[in-house]
Amino acid sequence: MNYICESCGSDLKYYDKVSRMVRTKNRKVSIITVKRFKCPVCNCIHRKLPNNIFPYKQYDARIITGVIEGKITSNMIDYEDYPCEMTMTRWRTLNLQSLL
């Protein structure tokens with residue numbers, strides 16, 4: 001699969017892979033591998049994230065989306081320890097599109 005540089009439009013080349021921690025329900029943490037690609041023209045590094053995580057967020061996208069849509073609140077027993085109320089308030093003030 002060919003990926004295109006968002007900065008200059010050139011084809012990206014595989015560069016390496018990195019580990020990333022993803023927090024899910026009930027304090028479970030999983031480590032995933034994220035591929036990185038480098039642009040041979042502008043030397044930008046791009047990470048190709050799976051659909052279940054947002055850039056710069058450590059929680060699973062389903063949790064973030066559930067909080068923003070009001071399906072997950074701090075009163076829910078299943079989510080009583082994740083995430084904290086301050087984090088959920090911050091997510092609600094953000095537009096979901098700004099996370100993408």
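The paragraphs that follow take up the helix contact and then the salt bridges.

The model is predicted, so local features need pLDDT of at least 70 and side-chain atom pairs count only at pLDDT 80 or more, while totals for chains, interfaces and linings use all residues. Residues are numbered from 1 along each chain as its sequence is written, and side-chain values use heavy atoms, with hydrogens and water left out.

Helix α1 (residues 61–68) and helix α2 (residues 85–93) have axes that come within 8 Å and cross at roughly 75 degrees; the two helices are therefore roughly perpendicular to each other, a term that covers angles of 65 to 115 degrees. On the α1 side the contact (heavy atoms within 4.5 Å) is made by Ile63, Ile64, Val67 and Ile68, and on the α2 side by Met88, Trp91 and Arg92. Of these residues, six are nonpolar, none is polar and one is charged.

Arg92 also takes part in a salt bridge with Glu85, at 3.6 Å from N to O, where a salt bridge means a side-chain nitrogen of Lys or Arg within 4 Å of a carboxyl oxygen of Asp or Glu. Arg92 is partly exposed at 36% relative accessibility (buried is under 20%, exposed over 50%, partly exposed in between, with a 1.4 Å probe and protein chains only).

The whole structure holds four salt bridges. In one of them Arg36 pairs with Asp16, the closest N and O atoms being 2.7 Å apart, and this pair links strand β2 (residues 29–38) to strand β1 (residues 13–23) across 20 residues. Arg36 counts as buried at 17%, whereas Asp16 is partly exposed at 22%.

Methods. Axes fitted to C-alpha atoms, helices over the stretch in contact; angles between N-to-C directions. Helix = DSSP H or I, 4+ residues; strand = E, 2+ residues; numbered from the N terminus. Parallel < 35°, antiparallel > 145°, perpendicular 65-115°, else oblique. Nonpolar A, V, L, I, M, F, W, Y, C, P; charged D, E, K, R; others polar.
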